[in-house]
Amino acid sequence: MAFSIDGIASGLDTTNMINQLMQLEARPQTLLRAKATSTQGFITALQQLNTRLSSLTELATKTAKPQALDLYKAASTSDTVTATATSSAGAGTLDFTVKQLASSQSSVTATMTAFSAAASTLTLRAADGTTTEVTTTGTLDDVVAQVNKADVGITATKVSAGTVDGVAQYRLQFTAKEPGTEHGFSVFRGTAADVTAGTAPDLFAEAGAATVRAARNAEVVLWGGTAAEQTITSSSNTFADILPGVSVTVSKTTTEPVSVTVARDADATSAKAKELVDALRSVFSFVDTNTKVTPGATAGAAPTSGRFTGDSAVRGIAQSVLTAATAPINGRSTSELGITLTRSGTVEFDAEKFAKALAADPDQVEDALTQLAARVADAGKAASDKYDGELTRRIQSQESTVRTLNDRVSDWDLRLEKRRTTLERTYSALEVQLSQLQSQGDWLSSQLAGLPTNGS
């Protein structure tokens, strides 16, 4: 940058003059920067619209899948039986009685003051015959610690059993972590080889020991009292797929039959339809908000245009999605499903009307909703596909424009810097020239003043 001699000879505020000239010189850059900012705002709005369209497309795609609307719910006639239907359930009814609940084994040893005087080995045998050896130091606490550390589905606990002649007595309680006969177990004093040989004592067969709760499966009886009577067992209190796609959980035995009924879940289907319409409204509302022209805040102030005002591409995308959502299906208006086109160019959902139509002809309504969802999914994908969607390409194009504008702004930074340097040099040179002229003028004046006059 040139050295600035600010008005040293001319008395002019050359720095301010240069700044004003630079403001004029920078007007093209200011316009470019404003255009880049405006375009970036437009890109942000397009990205937000694309996000809404992507969510709508994903939801519509799921709704359009086969059996997506085959929604069923299960109900039980007893509060002791809870029934749950999955997506693979179908209509049906089943009666049964709950014969017994599942339980986990819990066994206790005889009372003792210590487990053994020296180190000893225990063998834990599962219901399937699998054995696990546990080596202890012989103390009750170490027996508990080593059994729990083995992590074979058995929990050991030391329980106080009072005192005898002033000496504390204890029992060891062993409990299966899971219910059902498959999780039953035995505990022996000795190694696995001793167990196989039959020489290892059964800890729960000793005098004073007992199994206080046996491992047991839950049982329900179907068609009780008939020739077709059948008992179904479960290691837990939940019976999976007792009907296709239906599980029941029992909490109490029953003497009277319990009925489980599976029927269409109209509420869930209505919720799916409403969710789809709400996603559509979100898209249309966003487009409408960003298309409106807002009047000036004060009299005479210019109105403010929305990001999408006058944008034919966005308008076309919104119209294609709207057409997909409201065009007739199989010759019938979507308003018969409670999905209505409004005057403002959006859609509304009438839950009561949809419920009535669904109750009258569930198959037809579900088929129509599936077709509508498929059309919306296609329209949404055409606009928002991350590879070749119309909005995706538009965003990429605008981002390229912003990069070009920013490059031009950077070019102007260099150009303006050079221009300022030139002006500073020019004005500095002018000040130097004026200073020299003033010096010459002063010298001439002094010389003229020293010349003899005519009178002399």
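## Cores and sheet

The largest nonpolar core has 48 residues, and Leu49, Leu53 and Leu56 have the most contacts inside it. A nonpolar core is a set of buried Ala, Val, Leu, Ile, Met, Phe, Trp, Tyr and Cys residues joined through side-chain atoms within 4.5 Å; buried means under 20% relative accessible area with a 1.4 Å probe, protein chains only.

Helix 2 gives the most, with 10 residues. Helices (H or I, at least four residues) and strands (E, at least two) are DSSP runs, numbered from the N terminus. Leu56 touches Leu276, Ala279, Leu280, Val283, Val321 and Val376 (heavy atoms within 4.5 Å), not counting residues up to four places away in sequence. A second, separate core of 21 residues includes Ala74, Ala83, Leu94 and Val220.

The model is predicted: local features need pLDDT of at least 70, side-chain atom pairs count only at pLDDT 80 or more, and totals for chains, interfaces and linings use all residues. Residues are numbered from 1 along each chain as its sequence is written, and side-chain values use heavy atoms, with hydrogens and water left out.

Five strands form an open sheet in the order 1-15-3-11-12, with antiparallel pairing; two strands pair if DSSP finds at least two bridges between them. Strand 1 (72–76) and strand 12 (230–234) each have a single partner strand, so one side of each lacks a neighbour in the sheet. Strand 1 is joined to the antiparallel strand 15 (residues 258–264) by five bridges, and Ala75 stands opposite Thr261 in strand 15.

Technical notes:
Buried means under 20% relative accessible area, exposed over 50%, partly exposed in between (1.4 Å probe, protein chains only).
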